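Please read each one beside the structure.

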Amino acid sequence: MGESAVTVMASLSQSSPVSSLSPPEVPMELHVQNRVKLVRALRDHLMAASQPVRGFVLLQGGEERTRYCTDHAELFRQESYFAYLFGVREPGFYGAIDVLSGQSVLFAPRLPAEYAVWLGEIKALSYFKERYMVDMTYFVDEIAQVLYDLDGESGKPLLFLLHGLNTDSKNFSKPAEFKEMDKFETDLITLHPILTECRVFKSKLELDLIQYANDVSSEAHVEVMRRISADMKEYQLESIFLHHIYMYGGCRHCSYTCICATGENSAVLHYGHAAAPNDRALKEGDIALFDMGAEYQFYGSDITCSFPVSGKFTNDQAAIYNAVLKAHDSVIKSMSPGVSWIDMHKLAEKIILESLETFGIIVGDIDEMVAERLGAIFLPHGLGHLLGIDTHDPGGYTKGMERPKEPGLSSLRTIRELKEGMVITVEPGCYFIDALLNPALEHPNLSKFLKKEELDRFKNFGGVRIESDVVVTSNGSRNLTNVPRQTWEIEAVMAGEPWPLKQKQLPNGLA
């Protein structure tokens, strides 16, 4: 075994520190509250529209899937809207809510006897009623009869079904389907925008889970910082993160595919996919950009840390990093109810441009750069997105909102004004992407701002992104993420200091 391989194995074999975290019990009251919230919103909508308060919300949960034509069952994760309302972890369920009474019903799949041999005990309906705190439980093949009995009116019962556009994926949610649906009146319009808006604003119980996912992920990011070294593979750092969140945090799922980018790969915004599977060997002078987040009981986190593989920032690395950090911190400081997210994106963009101009990479009038959308060359993605049960939580664009057309701004996943209870990521970045820089150097309005000789120095630099999860409070915001951010904090932690740093470790007598 070569010396570099020995070094890597030694790093991976270090005993992990004892985590300060313990996976919490999740109160099903969280989902009860979510159902109450939806019923109130739906009743208000119906009354405002002078429509009768009647009918049932009916959602179909996720189905277990196999890998293509094989019998290999992929790890199941519940459909997000269904998870929000019912918290059910098993596949094959349906859920209904009586709009008038507020009563909730779960419909479980009727399992064959051989299930008990291969997959374990077949739970009684009473188990699901107690576990998920619903009013009634029946089997899926009883849906039509049960809803007719509960409705008790002449004519067809009304079903509010989930059907609407996800403005991030451009996919539509799937409305529930079951036998004998022709016996019901269906509404495919009303439910989706109301339920989506409910998801935008988090309850305290939801925030507790998002905070826990952040705590687990923050701890795992710090562990990655401590263990990184040149000649490791990117996937080895990914494996450290995944091990930590599962071993110590009880997080079986990630919020998304890990982005473990180093060197020039850190300029690839969504690196880590099947065609670029976190497989590059790290080099001593690389900047690392690790975008990874744990999911706990459906609720997620989304954190990005950028730092030098060597453990010490070079002048160039520090300059770019501090430009992004200044934007990150300024946005969080400026966040409060009523603030426009477009304005926050423009603030981050302007701060990064000012820093690049000070560092001598670009030249000219900052306001003119902003007007020409130069910032989109270095920050081509949106500043952040709503976060919750989905990494890109829905609700970023409500009815009537139009996505901006300008470069950079067109990538914004929301343009809403901030409101109390929203959780949103703050993730400015600065990247040196040839596919954007080369056309800009030829562009008649942009090339005058760019100093080619300076940009050439950053050709294989990659990029820096700093991402935290932030909740909007009544008078400002609160950062849920707790990782080293200042360059000296990162260097201290990478050198072996504990996190959070003790006061005596602060540089230059800072308190």
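1. E223 is buried, because its relative accessible area is 5% (buried means under 20% relative accessible area, exposed over 50%, partly exposed in between, with a 1.4 Å probe and protein chains only). The residue belongs to helix α8, residues 204–227; helices (H or I, at least four residues) and strands (E, at least two) are DSSP runs, numbered from the N terminus. The side chain of E223 makes a polar contact of 2.6 Å with that of R227. Such a contact is a pair of N or O atoms within 3.5 Å; within protein, one must be able to donate a hydrogen and the other to accept it, and residues adjacent in sequence count only if both atoms are side-chain atoms.

2. On the source: this is a predicted model, in which local features need pLDDT of at least 70 and side-chain atom pairs count only at pLDDT 80 or more, while totals for chains, interfaces and linings use all residues. Residues are numbered from 1 along each chain as its sequence is written, and side-chain values use heavy atoms, with hydrogens and water left out.

3. Strand β16 (residues 468–472) is largely enclosed by the rest of the structure, because five of its five residues are buried. S468, V470 and V472 cover one side, and D469 and V471 the other. β16 pairs in the antiparallel sense with strand β13 (residues 423–426) over four bridges, with V423 opposite V471; pairing requires at least two DSSP bridges between two strands. Strand β17 (residues 477–479) also pairs with β16 in the antiparallel sense, over three bridges, and V470 faces N479 there. Four residues separate β16 and β17 in a hairpin.

4. There are 14 aromatic pairs, counted where rings of Phe, Tyr and Trp (its six-membered ring) have centres within 6.5 Å; planes under 30 degrees apart count as stacked, over 60 as edge-to-face and the rest as tilted. The rings of F359 and F458 are edge-to-face, because their centres are 6.3 Å apart and their planes stand at 70°. F359 is partly exposed at 29% relative accessible area, whereas F458 is buried at 0%. F432 and F461 are also edge-to-face, with centres 5.7 Å apart and planes at 75°. Both F432 and F461 are buried. F359, F378, F432, F458 and F461 form one aromatic cluster.
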